[in-house]
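After that, we'll turn to the positions flagged in a database record.

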Amino acid sequence: MDSLENKLGYKFKNEKLLETALTHSSYASEHGKHYEFNNERLEFLGDAFLDAIIGKKMFAVMPEAHEGVLSKTRADVVCERSLAEVASQLELGEYLKLGHGEENGGGRQKTSIVGDAVEAVIGAMIIDGGYAAAERVVLDLFADKIRLAVKGELYKDYKTLLQEKLQDYIKGVNIRYQIVNEAGPDHSKEFVAAVLVDGNELGRGIGKSKKESEQAAAADALMKGDI
């Protein structure tokens, strides 16, 4: 778990909490464990905390925004797609404990599963280190998304934004999107796309369609700030 803790920037005092946060209910059920051995309770806690912390941040950095704008901006930052992108940055899917059914069905790439795991890890940090420690990690993990959301640029047409930004620096730039993985049954597939610029990969993204995954890949490239 050391590599995940390094990515989080947080060291657990009780490693069992992190292990529970990464244990899906399908794994617990297959091994005869009850609800206290899967991540659902920690997810509940992390979800509530995430809403509060991002809401507090929006309140602080958007002093002239009314309640409706604040709610919409927060919703963009904490939506399932956003959580899945944070999970991708952490490579959280690699650490999950899944039952055989979810494992064979591409559960490590499912936005719902990895997004829930992000919230569970946040919940585990609250129990392990307190609110202040968890808040620091949350604000660090979501910093780029908060910045884009405040400017009204989160989950816009990222492919166009990326194209425009690159054209400012590189004349005649060649941008190509490639589907590098797909998982799940036909009725619930998830795709992983990479964005390549002159043959070099700048970002990756996950989505429920090829178009959505390409948008996520473009957003990943923009948020990395390497352009």
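Which two side chains meet in a salt bridge at 3.7 Å, N to O? The pair is Lys16 and Glu19. Keep in mind that we're looking at a predicted model here.

Both of these residues sit in helix H2, which covers residues 15–21, and they are 3 residues apart, or about one turn of the helix. Glu19 has another partner, too: its side chain also meets that of Lys97 in a salt bridge, with 2.6 Å from N to O. Lys97 comes from the loop between helix H6 (80–90) and helix H7 (100–104), while Glu19 is in helix H2, so this pair ties together parts that are 78 residues apart in sequence.

How exposed are these two? Glu19 has a relative accessible area of 26%, and the value for Lys97 is 26%. Buried would need a value under 20% and exposed one over 50%, so a residue in between is called partly exposed.

Lys159 is partly exposed, at 27% relative accessible area, whereas Glu214 is buried, at 16%.

Some salt bridges share partners, and in that way Asp2, Glu5, Lys11 and Glu15 are joined into one network. Over the whole structure, the search turns up 18 salt bridges.

| Lys side chain | Glu side chain | N to O distance |
|---|---|---|
| Lys16 | Glu19 | 3.7 Å |
| Lys97 | Glu19 | 2.6 Å |

Now for the database side. Which residues does UniProt list under "binding site"? The unreviewed entry gives Glu43, Asp116 and Glu119. They are spread over 77 residues of sequence but cluster in space, with a largest C-alpha distance of 6.0 Å.

Glu43 belongs to helix H4 (residues 40–61). Leaving aside residues up to four places away in sequence, Glu43 touches Asp116, Glu119 and Ala120. Asp116, for its part, is in helix H8 (residues 111–129). Is Asp116 buried or partly exposed? With a relative accessibility of 28%, Asp116 counts as partly exposed.

How values were computed
Residues are numbered from 1 along each chain as its sequence is written. This is a predicted model: local features need pLDDT of at least 70, side-chain atom pairs count only at pLDDT 80 or more; totals for chains, interfaces and linings use all residues. Side-chain values use heavy atoms; hydrogens and water are left out. A salt bridge is a side-chain nitrogen of Lys or Arg within 4 Å of a carboxyl oxygen of Asp or Glu. Helices (H or I, at least four residues) and strands (E, at least two) are DSSP runs, numbered from the N terminus. Buried means under 20% relative accessible area, exposed over 50%, partly exposed in between (1.4 Å probe, protein chains only). UniProt positions are given in the numbering used here, feature names are shortened, and annotations may be inferred rather than shown by experiment. Contact means heavy atoms within 4.5 Å.
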